[in-house]
Each structure stands twice: as structure tokens, then as C-alpha cells.
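Reader: I am new to this structure. Could you take me through the main points?
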Amino acid sequence: MLLQFFHANPLKETAYICSPLKADDPKQYLKNLYAARAYMYYVKTQIGYLARAPHGYLPLLLDDFDPRQRSLALQFGKALLEASDVVLICGNRLSKGMESELKCAAAGRKKILVYDKGLYCRVESILQNDGLSSSPPVFVEGHPVLAHPYPQLAFRESRSFSETLLTAGQ
């Protein structure tokens, strides 16, 4: 199943997945982690970007409550964001971590795509208030999965979506 990600001709354009991770309880935290993976998978298979969602994997490798390990994870995520061609704002809410990534992307003049209309208005407002509107976000319709807060749950009926992603977020 994982061999689907390996190609002789790797994708050239890269996308950084910006979605919430932090949550009030462990179950919600895991749902957010699996949502990041589902967004990454969808973007790779349906849109064609080489998608990057470090918050979908790094929490399993590094302890978010250890300041040194958290710092390492944030540095790695920022490096991936800076090396990406486009930033995709996924889900329907904006966390503080996402807001920081959004500002970093705008300062780096990255193309910013938003998939939820309400979230788009908030993103646009944040960038204008911080004087970062020289790189305005773009609202994208046609990919409702990327606006869904839990895409892994939205695909229960779909056989084209990875069974691992579907059952992992339950």
C-alpha cells in the first residue's frame, strides 16, 4: 500500500499542510493528527502535490511536552514550510500554531490556498491586520474534503481512500 508514494518521477511541486493539531483531550488530538495525514494523502492523490504534514507524524517521534523536543519539531516544520511551494490551510478552524505558520508563509511570499469560506475570511483578515496582505490568500472551491475538520471520517464510504487512514482516527 505505501509503495503508491514512490515514483520514478517524483512530483516537483510541494505543498505544506496547515491544519490544527492541539486539542483539549487525547482522543481529539489523535483525530487531528489523523486528519493531517488524510489531508496529506488527499492532496497527493487528488491534486498532485508532494504534500507535507509534519504534525501528522512528528508527535509520534518527539514529545510535545518536552521543550527541547517541541522546539526541534517546530524547527523541522518551519523548514518544511519554507521549502514548500504552496501552503494549504485545511479544516474549518485556525489554531495559534496555524496562525504562526500562516504568517511565516505570508512573510515568505508563499501562495496560500484556503478551502473553507469562513476560514478564508479569517485568514484574509489576519494577514491584512499584520500588514502581510501583499501575498493574499486564495479561496479554492471544489475540494470540500480539505475544508472538512475530519476528512478521515468523511471518507468512510469511499473505497479509494486508504483503509489505514479511515480506521486510524476512530
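Author: Five strands make up an open sheet with the order S2-S1-S3-S4-S5, and their pairing is parallel. Strands here are DSSP runs of E of at least two residues, and helices are runs of H or I of at least four, numbered from the N terminus. Two strands pair if DSSP finds at least two bridges between them. This is a predicted model, where local features need pLDDT of at least 70, side-chain atom pairs count only at pLDDT 80 or more, and totals for chains, interfaces and linings use all residues. Residues are numbered from 1 along each chain as its sequence is written, and side-chain values use heavy atoms, leaving out hydrogens and water.

Reader: Which strands stand at the edges?
Author: Strand S2 (50–52) and strand S5 (138–139) do; each has a single partner strand, so one side of each lacks a neighbour in the sheet.

Reader: And over how many bridges do S3 and S4 pair?
Author: Strand S3 (residues 86–89) and strand S4 (residues 111–114) pair in the parallel sense over four bridges. Val-87 has Ile-112 in S4 as its bridge partner.

Reader: Turning to the helices, which residues of H3 meet H4?
Author: Lys-78, Leu-81 and Glu-82 in H3 meet Glu-101, Cys-104 and Ala-105 in H4, where contact means heavy atoms within 4.5 Å.

Reader: What is the handedness of the crossing of H3 and H4?
Author: The crossing of H3 and H4 is right-handed, meaning that the near helix is turned clockwise from the far one by less than a right angle.
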